[in-house]
Each structure stands twice: as C-alpha cells, then as structure tokens.
Amino acid sequence: LAAVVPHSVEIGGVRDAARIVGELHAELAARREAGLEDNPPVFLFLYNLGRFRDLRKEDDYGFSSGDEEAATPPKQLAALLAEGPPLGIHVLIWCDTYANVSRMLDRRAMQDFELRVLFQMNANDSSSLMDSPEAAKLGVHRAILYDEGQGVAEKFRPYGLPSAEFLARVKKQLEQRVHH
C-alpha cells in the first residue's frame with residue numbers, strides 16, 4: 001500500500017513505535033497551538049497492537065506530585081486518540097483479542113474509537129466492544145461495522161487483499177489528484 005499512495009509513508013516496527021507516536025504527538029501539539037484544522041490528514045496504523053509494549057497503558061491511580069508529568073508514549077497515544085481527529089490526525093488499530101485491547105488501552109481511550117470492526121468472537125467480548133453479543137453469532141466470513149456515535153451495527157462480508165491491478169489503478173488516480 002505504501003508504494004501506491006503518492007504521499008510520504010514511514011514504516012516502522014515495534015521498536016519504532018514510541019518515537020513515531022512521540023513525533024505525532026508533537027505534530028498534534030503544533031496543530032493545536034496554531035489552530036490548524038485543515039492540514040493534510042495524517043494516519044497512524046498500528047497492526048497487532050498487543051506487540052507494542054511501549055504503548056501499553058500505565059497503571060494510574062490518580063497520584064501526582066503536582067508537576068505535569070512528562071508525556072509517556074501511552075499518554076501520547078491516548079492524546080492522539082482523543083484530540084487527533086479534529087486536527088486531522090487519525091489512528092487505526094488492529095488487535096487480535098479484546099483481552100489485548102483492554103491491556104493496552106483504558107476505557108476512555110476505547111471510547112475514542114467511534115468506528116469498530118468486529119469479527120467472530122465470544123459474547124462477552126462482543127458486548128464489551130459494542131454493547132451487544134451479536135459478534136458471537138457471526139459466521140467465519142462475516143464481520144460487523146459498529147458506529148458507536150450512531151449506535152448502528154451493520155453486518156458485512158470482508159474481502160481479501162486488493163489485486164496488483166487494482167492498486168495500480170488507485171495509484172494512477174491518486175497521482176492525478178495530487179498533480180491537479
């Protein structure tokens with residue numbers, strides 16, 4: 001996909017996550033201070049969230065020394081989730097189990113994901129993610145798009161990866177859009 005889009009793309013691994021999140025957090029602060037809501041969008045994709053230990057939520061019991069603590073990578077990620085979308089910074093996360101999601105993100109951060117895609121899972125995990133056990137009833141090749149803001153759940157059939165021909169067509173269209 002990175003070869004298809006005409007925009008700059010940085011691909012990093014687990015060890016790069018804290019640095020990349022820190023850079024995006026700095027961009028978020030700059031956009032917030034400048035009041036820039038029409039900057040080009042930035043997307044952060046985190047694939048297999050459970051592997052990113054540096055981003056795991058911290059146990060916070062509300063104790064503080066009165067000084068503003070330095071923003072740690074988990075706090076920076078939480079800020080990106082909460083404040084990023086209106087300023088054009090979006091985070092897309094894939095995670096394999098609800099247990100891993102809950103280890104990585106607190107309840108407040110979970111609420112910042114207005115759109116969620118659920119595949120077949122147990123009724124408890126489904127209820128935790130969309131207030132309904134519907135994902136437990138899904139077949140193997142079905143998913144649910146849950147829009148928390150609208151309170152709507154729509155079943156759909158996911159497709160496989162796009163073909164090389166389709167990606168080439170998309171690349172050509174995106175390049176034409178950039179040059180106009």
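Predicted model: local features only at pLDDT ≥ 70, side-chain atom pairs only at ≥ 80, totals over all residues.
Asp131 belongs to the loop that runs between helix 5 and strand 4 (143-147). Its backbone has a positive phi of about 55 degrees, although Asp131 is not a glycine.

Asp131 is also one of the residues touched by Ser126. Ser126 sits in helix 5 (residues 123-130) and, at 0% relative accessibility, counts as buried. Leaving aside residues up to four places away in sequence, Ser126 touches Leu118, Met121, Asp131, Ser132, Pro133, Glu134, Ala135 and Ala136.

## Asn48, a second residue with positive phi

Asn48 also has a positive phi, near 65 degrees, in a residue other than glycine. Asn48 is placed in the loop between strand 1 and helix 2. Is Asn48 buried or exposed? With a relative accessibility of 18%, Asn48 counts as buried, because the limit for that class is under 20%.

## Overall organisation

The protein has 6 helices and 5 strands. Read from the N terminus, these elements follow the order α-β-α-β-α-α-β-α-β-β-α. Along the principal axes, the C-alpha atoms fill a box of roughly 55 × 45 × 30 Å.

Of the 180 residues, 26% count as buried. Among contacts between residues at least 6 apart in sequence, 55% join residues at least 24 apart.

## Packing of helix 1 against helix 2

The axes of helix 1 (residues 17-34) and helix 2 (residues 73-83) come within 9 Å and cross at roughly 45 degrees. The two helices are therefore oblique to each other, because an angle under 35 degrees would be needed to count as roughly parallel and one of 65 to 115 as roughly perpendicular. The crossing of helix 1 past helix 2 is left-handed.

Helix 1 contributes Ala18, Val21, Gly22, Leu24, His25, Leu28 and Arg32 to the contact, and helix 2 contributes Pro73, Gln76, Leu77, Ala79, Leu80 and Glu83. By class, the residues of this contact divide into 8 nonpolar, 3 polar and 2 charged. An α-helix has 3.6 residues a turn, so residues three or four places apart point the same way. On helix 1, Ala18, Val21, Leu24 and Leu28 are among the contact residues, and on helix 2 Pro73, Gln76, Ala79 and Glu83 are among them.

## Buried residues of helix 2

Which residues of helix 2 are buried? They are Pro74, Gln76, Leu77, Ala79, Leu80 and Leu81. Among these, Gln76, Leu77, Ala79 and Leu80 also belong to the contact with helix 1. The cover over the buried residues of helix 2 includes helix 1, strand 1, strand 2 and helix 4.

## Met110 in helix 4

Met110 lies in helix 4 (residues 107-111), one of the elements that cover the buried residues of helix 2. Met110 is itself buried, with a relative accessible area of 11%. Not counting residues up to four places away in sequence, Met110 touches Val101, Leu105, Arg116 and Leu129. The C-alpha atoms of Met110 and Ala82, which are 28 residues apart along the chain, are separated by 9.7 Å.

## Aromatic pairs

The model contains 2 aromatic pairs. One of them is formed by Phe43 and Phe45, which are tilted, with 6.5 Å from centre to centre and 35 degrees between the planes. Phe43 is partly exposed, with a relative accessible area of 46%, whereas Phe45 counts as exposed at 55%.

The other pair joins Tyr47 and Trp94, whose ring centres are 4.8 Å apart and whose planes meet at 20 degrees, so the pair is stacked. This pair links distant parts of the chain, with Tyr47 in strand 1 (residues 42-47) and Trp94 in strand 2 (residues 89-94), 47 residues apart. Why does Tyr47 count as exposed? Tyr47 does so because its relative accessible area is 58% and the limit for the exposed class is over 50%. Trp94, at 37% relative accessibility, counts as partly exposed.

How values were computed:
Residues numbered from 1 in each chain as written. Heavy atoms only, no water. Phe/Tyr/Trp six-rings, centres within 6.5 Å; stacked < 30°, edge-to-face > 60°. Buried < 20%, exposed > 50% of the residue type's maximum accessible area, 1.4 Å probe, protein only. Helix = DSSP H or I, 4+ residues; strand = E, 2+ residues; numbered from the N terminus. Contact = heavy atoms within 4.5 Å. Axes fitted to C-alpha atoms, helices over the stretch in contact; angles between N-to-C directions. Parallel < 35°, antiparallel > 145°, perpendicular 65-115°, else oblique. Left-handed = near helix turned anticlockwise from the far one by under 90°. Nonpolar A, V, L, I, M, F, W, Y, C, P; charged D, E, K, R; others polar.
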